[in-house]
Structures are given as structure tokens and as C-alpha cells.
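Open the model in your viewer and keep the sequence panel beside it. The stops below are given in the order in which to select them.

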Amino acid sequence: MRRTGGRRSPSWLPEPARPQSYALFWWWTAFLLPASTLVHSHVPALSEELYISCSWSGWEPADTSWSAAVAWISEILAVLFPGIPVVLVLCAWLVARRGSGRPRVHLWAAGTAVTLIAGSYTLSRVQSLLEPVPEYATCTVDPATLNEVSPARIALALTPAALVLVAAWTGLRPPPLPPRRPVPWRPILVAAALFALPVAGAVALMRLTPYEPAEPVLAADGTPRYALALGDRLTVVDLAEGGEPVTVAAPDPEFYQYTAIAPDREPGRYVASVTTAGDGAFGGRRSRIHRVDLDGDGGAVVLGQVGPEVEGMISDVAVSPSGEIAYARLVAEPGDSFEVGTTHVGLVNARREWSAPRGQGLGAFGDGALGLHWRDAGTLVFRAVPPKARSPRLVALDVRRPGADLFAATTTVHAMPELSDGLALARPGGERMLLSKSAAMDTWNHELLVLQPPARPRVTGSAFHAGCGFIAGFTLDPSGRHALVAVDYRAGMYQGDPPEPMCPGAPPYALYRIDLAPPPGAATPNPAGYSQYPDLGLPHRSVWEGDRPIGPLAW
């Protein structure tokens, strides 16, 4: 016999159960995680930070074979997710009222909660597999993170289930035994220190060692084998083997939309701008600039941020021969985020900007790229529409001039004909410029012209004609001898349902390499399209074809 609370009880009765407060602590901890998510989603001041939205459109028809299953799963998840906190509260109440000395209550409550949590996560994963978010979608966070299955995401989703199991184990275990001999903490701490110090030293050595970009790999013609391309994502394109472009990871789940790329001074190193989704137009956006390195196998490494974070969307970046990074950023019109209110051209290292009203970029609304590039160490050239100008201009900005008025610091380099538009790029040395010319509002019959000399340039001829395609981007190799041109045949003329390119046998997207300084006798006529300028006969060939959208390039 033993005495319990002043009464004698038979010795064969079970030991008193552990107080339920231990188990209830873990039950309430498990409840807080899904409950906090539910509260965030229903409180307007908090839901803005938590709410994730996506939108996308494309030419490919949607796969409707699983639509009914996806809709059915969505209806179930709409009940399960808000029901998890409610079930956890009910299970905790059951344990508090009837769990003392009843192991089956703990097992039943834990089994119910774990099944509900694991089942809802499994259904959400099935839904993502049946209807994944496309990479080209516009979301408030990086769409690639919405489809990935990472250990951290699994752990976060199943943490409430793990806490429930801890609560059940705490409620089922016997009362603690009398303390045994003390644990020898000193040898354990010494062993942990001996293990941690070499690891910390290795990590510090890796961080302190400067990162050196790999030597660029050349194709058989002596040009770089890999190029960076902007489309629905930033990708690496293999110009020798072709194939599917490799997507470059975003530096941050929030800053994931790459908007501009440019080669850096060192071969194999580039700069790229990324922006947040904002409100889907130009409002609420913030932008950063990062360096990107390519290794010998075409793998891209996104390095640290360069310069401060800025308001608006960066549309262009360019690196001078001295290493100064220039950029152009577009800021929304107050009260109308679909319209560009101000265009800024700035320097990262010098920390200064010039501003002009409205959008100065490509397109009828000036919300496209400016074609910003360095003609020399002190002069930026880009597309703009000065006041009272009847057509777009190529203007030169002397970055050494004082003031913040963009047009007061620029001079006109080339006036485009009325009802035409385009972007330019100067070859190293400033001897010639390339201009992508198109008629206003035209999505086909684009051509690449050569302007010479740069001081007061005139068109000497046509270097490339896209026919019924659209020149989506072009760039130069480091030597300036070769140009790489991206042609979008889906932006031109279409026929049929679904729409197909009118050009017979043309791929959806293609890249062409042009030799701008061919040897004598290597002229290759370009029969595609019509041009009012003489054909220079510069040799060109296709180096990549595919279904992935390709736009601005860095080679």
C-alpha cells in the first residue's frame, strides 16, 4: 500500500499520470502556427504582406484534363486550411478534459490532428503538380518558389504535426524518475568546440576569398559560346549546342523579375537588374542591381547587390570602360500606375541622376527600354523624345555636366524618321553604331542598320533583316566584330487557329550571329523583307532556335 493525498491506495494501481499542462503546452504551440496564418490572411493590414497572387497568359492552350480534379481539391482545401486551427483547439480541449490517465485519448487526438495536417499538405502538393504556376507568370513572389519542394517548406508545413506528436508523447510518458548522476557537459562542450572551430574557419575562408569568374568558353568561330538572354526569365543560352535555355535563379523571392542585363568589363561577368512585382504595372516597384558570373559549363552564379535599392523599375543597365554602372529607371505617374511619370538616368558609383518627364523608352507609351549604352568613358547614348521633337532621337549624355535635367545635359546624335523607332548600340571604338529600326507600332519587317560616323551619323546600309519577325534584342561580342540578334517570329504576322507564324518553317524564336567585319568576298545577301537601304551583305547564320521567348541579350 502507498499513501496518496492522505488516502491509502492499492500498490497495483498505475502511477499517477503526468500533469496535462505539459501536453497542453505543445498542443497550444501547434495551434499558434496555423492560427497565425489564418489571422494574417483575414486582417487587411497584415494580409497585404502575406497575400500571393499570380497572373499569366500564353499561346499554348491550357490543359483541361485535370481541371475538375483541381477544382475539387481547391474546394476541399478551402475547408481544410481554416479547419485545422479549429480541430487543434477541439483536440486540446479533449486532452484537457479527458486525457488524464487515458492514453487512448492522446492517441486519438494526435492521430486526428496529424492526419488532417498531413492530408491538407498532400492535397496542396497534388494541386501544384496538376496545375503548376508557369515560370513566366507575374506573381508577388518568385513563381519558381511556388512549385518547388524544399526541406524548409516541408518542415514549415508539417511543424504543427510534429508538435502534436510531441504533445502526445508528453502525455503518454510516465512521470520523471529521480535524477541520475549528472551529465558530463565539459567533455561534450570541448568535443563540440573542436568540431565547430574548423567548420567556422573554412566558412570564413570561403567568404574572405575573392570570387574570380571563370574564363569564358569560346565557340568554334571564336565568339563566346554562352549568352545571357531575357525572356519570361533570365536564361543562359548555349550558342554551340543549342537546346533548352537554362534558367538563372532569382537573388531573392521578392526581387525576382529580371528587367535588364549588360556585360561587365571582365569577360564572363555581367550585371543584371531585378525588380519586385509591385502592383503588376509600374506602381510599388523597387529595383536592385546584381552581378552575375558564368562558369566554364554555362552555369550562372548570382553575386551580391551592387549599389543601393531604388524606387521604380530599372529598364536598362550599362557598364563603362572604367567600371561605372549606369542605369535607367521608370517611376509610375502618381495616381496612375499604368503610365510612366518620370524617367531617371543615373550612375551607381557617382550616386547622381538626371530626370525627364514621362517615359522615354521604346514604344508608343515610352515604357520600354532606352537602349542605354556607353559610347566612351564619359558619354551615354540612349533613345529619348525631347520636348517638341516629332520623332524619337538618339541622344548623348555627358555624365560630367552638372545639373539634374536630363534634356539640358544631352545633345541629339541621330533623329529617326517620323513614324519610326528603334534602339542603338555603339561598337567599341565608336566607329560605327547599330540601330534596330522599325515602323511605329509595327511588329514585323524590322531591320538592323549601320550608322557611321558617330559624330553625325548617317545610315550606310542594312546589316540584317528579320522579315516577318520582330527584333526583340541585339548585342555585341566583347570584340565588337560580331552581333547577336534575337528574332521573335510570334510577334509578327499570324494565321490559323491557334495562330502560327506566317514565315514558312520559321521557329517561334531564333538567335542569329552576324559578322560585322567579314573578309573580302564573304558577302551574303539577306533576301528577307523589304528595306529602303542598301543591303551590306554581312554574313549571318542561325545559332539557336526554340520555343522559349528570347529578348534582350548580353554576350
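In which loop is P507 found? Select P507: the loop between β27 (500-501) and β28 holds this residue. Helices (H or I, at least four residues) and strands (E, at least two) are DSSP runs, numbered from the N terminus. This is a predicted model, in which local features need pLDDT of at least 70 and side-chain atom pairs count only at pLDDT 80 or more, while totals for chains, interfaces and linings use all residues. Residues are numbered from 1 along each chain as its sequence is written, and side-chain values use heavy atoms, with hydrogens and water left out.

P507 is buried, at a relative accessible area of 13%. Buried means under 20% relative accessible area, exposed over 50%, and partly exposed in between (1.4 Å probe, protein chains only). Leaving aside neighbours within four places in sequence, P507 is in contact with Y489 and E545; contact means heavy atoms within 4.5 Å.

Next, display F464 and Y512. Their rings form a tilted aromatic pair, 5.3 Å centre to centre with 45 degrees between the planes. Rings of Phe, Tyr and Trp (its six-membered ring) pair if their centres lie within 6.5 Å; planes under 30 degrees apart count as stacked, over 60 as edge-to-face and the rest as tilted. F464 is in strand β23 (residues 458-465) and Y512 in strand β28 (residues 509-515), 48 residues apart, and the pair links these distant parts of the chain. F464 is buried at 2% relative accessible area, and Y512 also counts as buried, at 13%.

Move to strand β24 (residues 470-476), where 5 of the 7 residues are buried. Strand β25 (residues 482-488) runs antiparallel to β24, joined by 6 bridges; two strands pair if DSSP finds at least two bridges between them. Look across from T475 to find L484 in β25. The two strands form a hairpin with 5 residues between them, and G480 in the turn has a positive phi of about 85 degrees.

Two further residues with positive phi can be selected together. Most residues other than glycine have a negative phi. R351, in the loop between β14 (336-347) and β15 (352-357), has a positive phi of about 55 degrees although it is not a glycine. K388, in the loop between β17 (379-384) and β18 (393-398), has a positive phi of about 70 degrees. R351 is exposed at 63% relative accessible area, and K388 is exposed at 87%.

Go now to W27. This residue is among those with the most contacts inside the largest nonpolar core, which has 22 residues. A nonpolar core is a set of buried Ala, Val, Leu, Ile, Met, Phe, Trp, Tyr and Cys residues joined through side-chain atoms within 4.5 Å. The elements giving two or more residues to this core are α1 (20-42), α3 (67-98), α4 (103-130) and α6 (151-172). Setting aside neighbours within four places in sequence, W27 has contacts that include L88, V95, A113 and V164.

Finish with residues 107-124, a span that is 100% helix, with end C-alpha atoms 26 Å apart. An unreviewed UniProt entry places the feature "transmembrane region" there, and also at 65-95, 154-172 and 184-206; such annotations may be inferred rather than shown by experiment.
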